[in-house]
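Here are a few notes to read alongside the structure.

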Amino acid sequence: MVYAPLKLVWEITFKCNMNCIHCGSDCSSVEKPYQLTTAECFQIIRDLADLGCKSIVLSGGEPLLRKDYSAIAAEIKRHGMEVSFISNGDMVNEESIKVLRAIQPAAFGISLDAGESYLHDYIRGKKGSFDKVIRAFNLLKENGIQASVVSTIHKLNFDQLPKIRDILMKNGVRLWQIQYGDHIGRMTKETMITEAQFWEIGQFILETRQKYKKYFDVVSGADVFGYNGQTGEQIQGYWTGCFAGMQCLGLGSDGSVRGCLSLQKDEFLEPYTTRERSLKEIWNDPESFKYNRQFDCSTLTGYCQKCVYAALCKAGCVRSASIDGGRNNPYCLYKIEKSGYTSKEQARVSFSGEELAEIYNPLKELPEEFYS
């Protein structure tokens, strides 16, 4: 089978000006000393064009912190590929919007994790970040750039989804990706949504698509809301397995290669960086991305092992399926339809402020307003 990296998500910098409690990459305010040079980035872009890549998403860290982000974006477009961004919105201002207007990205994604300013700021670890997001929406709209939003959901902001939706409708944001956070990087397992909350978010996605379709072009559950069965197919379509290392690719700021940037475990890190082998060589090596390209049903565990969709679905999103070892995905709408929730705790939807404080206080002291 011939594989092509149709979409690349590229962490062009590890540096970030926020400190999000759910950051999977555990980014910091200091750049890695071995960040790829501009020339190395240009070579990667040439390789990607030769491999048939269609779309590149520049992320981080915060991509606008990298001084040559505009040159990288321009080179991507010069090679006939689509370029987009995923940002925290903090640096979208009167100066940077001129650069973005010249680049004309296909979309400019901004993270919005709460519909209330104090909670979004708390999650992001920076006061004023919510107001900066609203400013970014306005600037992007005024300059003809398509804004999109990514919301990462955990126990703390689960009940914020309707409020986020209201903000997006008010500000004319028509593209929305809803995903849940896994306990990778800075996020702990205790913060993850329950299976029941996962189910409720799935229903929320369907409701939003149906009742508010005049406001949204896309309301997506990313690749983590499925798989198959009645509800899964409504949200995701017919799921035929994770595309990491098959049609998708993730690249780190140091040239490290993964089938998907969400696959942060070392077992999913390819053995060579783009400094040691060209990206074309890594992609075309038959031993690369074996967890998907050489998938074997015998690696499945738990419910996924006996599921009728096992060979087709392959346990859904590899990140979610492998987070606790093995390859089994409890966050599966079909599994919930057929077998319910794994435990009484996983069947819970609501948590009191005191319970949430106990979960999140070790990560960051909660603002006083949270208890009101």
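This is a predicted model: local features need pLDDT of at least 70, side-chain atom pairs count only at pLDDT 80 or more; totals for chains, interfaces and linings use all residues.

1. Helix α1 (residues 38-51) and helix α2 (residues 69-78) have axes that come within 10 Å and cross at roughly 20 degrees. Angles under 35 degrees count as roughly parallel, so α1 and α2 are roughly parallel to each other. Their crossing is right-handed.

2. Which residues of α1 and α2 meet? From α1 they are Cys 41, Phe 42, Ile 45 and Arg 46, and from α2 they are Ala 71, Ile 72, Glu 75 and Ile 76. This contact of α1 with α2 has six nonpolar residues, two charged and no polar ones.

3. Now the other pair: helix α7 (residues 195-211) packs with helix α8 (residues 229-236) at an angle of about 50 degrees, their axes being 10 Å apart. That angle makes α7 oblique to α8. The crossing of α7 and α8 is left-handed.

4. On the α7 side, the contact is made by Trp 199, Gly 202, Gln 203, Ile 205, Leu 206 and Arg 209, while α8 brings Thr 231, Gln 234 and Ile 235. Sorted by class, the residues of this contact of α7 with α8 are four nonpolar, four polar and one charged.

Definitions and conventions. Residues are numbered from 1 along each chain as its sequence is written. Side-chain values use heavy atoms; hydrogens and water are left out. Axes are lines fitted to C-alpha atoms, for helices over the stretch in contact, and angles run from 0 to 180 degrees between N-to-C directions. Helices (H or I, at least four residues) and strands (E, at least two) are DSSP runs, numbered from the N terminus. Angles under 35 degrees count as roughly parallel, over 145 as roughly antiparallel, 65 to 115 as roughly perpendicular and the rest as oblique. A crossing is left-handed if the near helix is turned anticlockwise from the far one by less than a right angle, and right-handed if clockwise. Contact means heavy atoms within 4.5 Å. Ala, Val, Leu, Ile, Met, Phe, Trp, Tyr, Cys and Pro count as nonpolar, Asp, Glu, Lys and Arg as charged, and the others, Gly among them, as polar.
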